[in-house]
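Reader: I have the sequence and the model open. Could you take me through the ligand site and then the domains?

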Amino acid sequence: MTTPTISRDRIRSIAQREAQAFLQARPQSARLAEQTEQHYLFGVPLHWMADWGTPVPLFVERAQGAHFTDVDGHEYADFCLGDTGAMFGHSPSPVAQRLATAAFTGYTAMLPTADAAIAGKSLTERFGLPFWQLATTATDANRFVVRWARAITERKKILVFNGCYHGTIDDVFVDLNPNDPSAPPSTRASLLGQVYDLTQFTDVVEFNDIEAVREKLASREFACVLTEPALTNCGMVLPRNGFLAQLREACDATGTLLVFDETHTISAGYSGYTGLCDFLPDMLVAGKAIAGGLPCAVYGMSESIAQRMRTAKEIAPPGHSGIGTTLSGNMLTMALLATNLTEVATKEAFNQIIVQQSKLSAGLRDIIDRNALSWSVTQLGARSEFQFCATSPKNGSEAETAMDAELEQAIHLYLLNRGVMITPFHNMTLVCPETSDADIEQFLMAFESCVKELCQP
Ligand SMILES: Cc1ncc(COP(=O)(O)O)c(C=O)c1O
């Protein structure tokens, strides 16, 4: 079978038809959009909510488990799951129940509760790092980690991988030149209001290129390498065999801290991707799903890093450390974190979601093969990504080259109109413990019919 050509005209005509169908079937969303347009910049509380490619924002009425219902009464199988925040299902029962009782016992006192002891023990058992701190978002946790790394190493630079995303921490938005990777990197052009030259203190190389890492770290100027163990924000890029162990060695050889941002890669298993490695990072960040989708993030550190952090704090003059926010680790958050870690994000839950994602990934691959498309599916535990390239990309540049915003949006809209939602950014699909075989079947049927329409001559 020859690879079919998907024409731009076909993509556009499908997208146009689907946009009309979306609007026609959602009068209540359209009505609410008229109201919110008057009060919100871009018509939505957070401008990303307008990134779905829908003609008006999709207004949600309620969400439970693997499903949500919009204000027009349409039900969706949710494979976006709040871009990971709800990867243990919407409103997981133990968290919901705890939330109901904790609602009457105080929210924030800037003091620890008994839940802090439970959550701390649970984090250490899960990820293997002995000490933890709280933040309110994964962005903040990454920001604090970078700050600590600089403080304890007394080095200014950090190294990241091309195509990375670690939240809106400014330091990481440095890119290689897509036309000439040997040219000097530059600050990401899309950043708004960024006045600093980020390349001054951030350098970037391709993921899976250990020689490039070694070359950079040899200068001993880098406080840390901050990375996801697999890149999940430019499509998906898995580490090559041995790459992460070599990265660990390169960091050790040069006194550079290795930081794993497991905010998304926690999908790999109970202990995140770290659990698949036979070494630990120096520091680890997790957020989004860690307290069942409520605002909470954590960062952990090894004993020796903790000791250096204590010393840095002790010798610093009195005053602001630049690390922390008032509501981080508040009473309510700690209650939900402890509950989610011990009762929801269990080994059993991970086993289940990985089995379900394997079924979804196999089904997607099968459809791609039967339709002779040069696309690939890359799975990382509970999440997968279908990408418009024949084999899984090996670095950020390859992953970005494979992206096609127009095609993505047409597919996403097509799926939405058939009761299936995936993330608006690239083609990530995530499952939660309630994702059923029927949900997966619904996804695969809609996907296949979309692919067939796209491939028509
Ligand atoms: C790997 C990674 N780290 C950190 C973040 C930031 O999370 P938040 O937006 O909750 O701060 C994201 C967000 O997508 C992420 O993908």
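**Ligand site and domains**

Author: Helix H5 (residues 138-153) contributes three residues to the shell around the ligand, the largest share. Helices here are DSSP runs of H or I with at least four residues, numbered from the N terminus. This is a predicted model, in which local features need pLDDT of at least 70 and side-chain atom pairs pLDDT 80 or more, while totals for chains, interfaces and linings use all residues. Residues are numbered from 1 along each chain as its sequence is written, and side-chain values use heavy atoms, without hydrogens and water.

Reader: Which residues come nearest to the ligand?

Author: Thr139, Asn233, Asp261, His264 and Lys288 do, out of 14 residues around the ligand; a residue counts as near if one of its heavy atoms lies within 4 Å.

Reader: How much of the ligand does the protein bury?

Author: The protein buries 88% of the 390 Å² that the ligand exposes when taken alone, with areas from the Shrake-Rupley method and a 1.4 Å probe.

Reader: Changing topic, how is the chain divided into domains?

Author: Domain 1 covers 8-78 + 347-455 and domain 2 covers 93-344, with bounds from an automatic or database domain assignment. Their C-alpha centres lie 28 Å apart. Their contact (heavy atoms within 4.5 Å) takes 24 residues from domain 1 and 27 residues from domain 2.

Terms used:
Helices (H or I, at least four residues) and strands (E, at least two) are DSSP runs, numbered from the N terminus.
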